[in-house]
Amino acid sequence: MRAPATALGLGLLVAHARELPCSRGYAIDAHVREFLTTRRAKVQPEQVSLPGGSNRRVPGLRRNEVAMLAGVSVEYYAKLERGNLAGASDAVLAAIADALLLDDAERAHLFDLARTANASPIRKRRQAPKPMRETMQWTVDGYTAGPAFVRNCRMDVLAENALFRGLYWEMYQSPERPVNLARFTFLRPELAASMYPSWETSADINVAILRTEAGRNPGDKALQDLIGELSTLSDEFRTRWGAHNVRHHANGVKQFHHPIVGDLDMRYEAMEPMNEPGLNVLMYAAEPGSVTEDRLQILASWVATHEHPTDGRATTEPTAERNTDTGHQRR
């Protein structure tokens, strides 16, 4: 259940909303400044063949070193780092990205910020979000090898299969719809930590995804409201938000702990449907022949007998862990 907002909490939320990096005003300049300064602090001189030493007063590179590496004047780079990306060419942005050793997600984020900085101040008519095609629900329903779901840029789960509901069984017992993975992680941290063996990593990923989406969608008020809510109600979120880390969540490995079937070690692949900007389809799978594959089959049977046929809520509560074997291959 989401924590209720007190009058003080609402006041903090409003104050924080004025400072959101995805709102124009604080808008883009402070966001650019903080992103570039945090990236510069991460690069050690030795990484770019510059002399280090113990007499450096700032972490990472100096501004003049970034300017030299990027082939621009110190004054021009200082202007960029103050948050003024207006008029910066793609060639200059690419040179800055190279100098700061930005990864693909960080590079794309810098270009997103520049696109926002150079956008016309004339507001475009906001289009109502399109309803999700029912074929996307059919697609995830038809995937039975593992959990699968569709989310939007705010981490709302818009469609899911039965195995995903079984995996996140406790989250679905709340009446809130759509369920939101970021709220689950930060506003129900004890429950989330019991499910994620590495809660810290999951929390980092959630924030990095939202930070990336804030750069892509600076006018998304619902996204701004979510970030403001989480920043007000969760110290863990607020601290991570200030790190300005971004991420392309394309594929990887994730571990879960489920109260019925035990530990699950899965791989995931994420895809963006064509002509559906902002949506992401993510599918989990177990290594063939692994213990996790067996446990997913058990979970599928368990969900089929315990799930309410209309709304995915429990007909009984999970009570005990039935499988404590933590191996990954069948014996």
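**The sheet and its surroundings**

Mentor: Leucine 282 in S5 is the residue that phenylalanine 149 stands opposite. The strands concerned, S1 (residues 148–151) and S5 (residues 280–285), run antiparallel and are joined by four bridges. Here strands are DSSP runs of E of at least two residues, helices are runs of H or I of at least four, and both are numbered from the N terminus; two strands pair if DSSP finds at least two bridges between them. The model is predicted, so to speak of local features requires pLDDT of at least 70 and side-chain atom pairs count only at pLDDT 80 or more, while totals for chains, interfaces and linings use all residues. Residues are numbered from 1 along each chain as its sequence is written, and side-chain values use heavy atoms, with hydrogens and water left out.

The open sheet has five strands in the order S2-S1-S5-S4-S3, with antiparallel pairing. Its edges are S2 (157–160) and S3, each of which has a single partner strand, so one side of each is left without a neighbour in the sheet. From one strand to the next the twist averages 30°. Angles run from 0 to 180 degrees between N-to-C directions, and axes are lines fitted to C-alpha atoms, for helices over the stretch in contact.

Glutamate 269 lies in strand S4 (residues 262–271). Leaving aside residues up to four places away in sequence, glutamate 269 touches Ala250, Asn251, Val281, Leu282 and Met283; contact means heavy atoms within 4.5 Å. Glutamate 269 is partly exposed, with a relative accessible area of 46%, because that class lies between buried (under 20%) and exposed (over 50%), using a 1.4 Å probe and protein chains only.

Helix H7 (residues 134–142) lies across S1, S2 and S5 and runs at about 50° to S2. Helix H14 (residues 291–306) packs on the sheet and touches S3 and S4, its direction making about 90° with that of S4.

Phe256, Tyr168 and Leu210 touch the most other members among the 46 residues of the largest nonpolar core. Such a core is a set of buried Ala, Val, Leu, Ile, Met, Phe, Trp, Tyr and Cys residues joined through side-chain atoms within 4.5 Å. Its largest share, seven residues, comes from helix H11 (residues 199–216). Tyrosine 168 has Lys254 and Phe256 among its contacts beyond four places in sequence, which also include Leu181 and Phe184.

As to confidence, pLDDT is the predictor's confidence in each residue, from 0 to 100. The chain has a mean pLDDT of 85, and 82% of its residues reach 70 or more. Over residues 1–26 pLDDT stays under 50, and the model has 43 contacts beyond four places in sequence for them. Where pLDDT is low, the predicted coordinates should not be read in detail.
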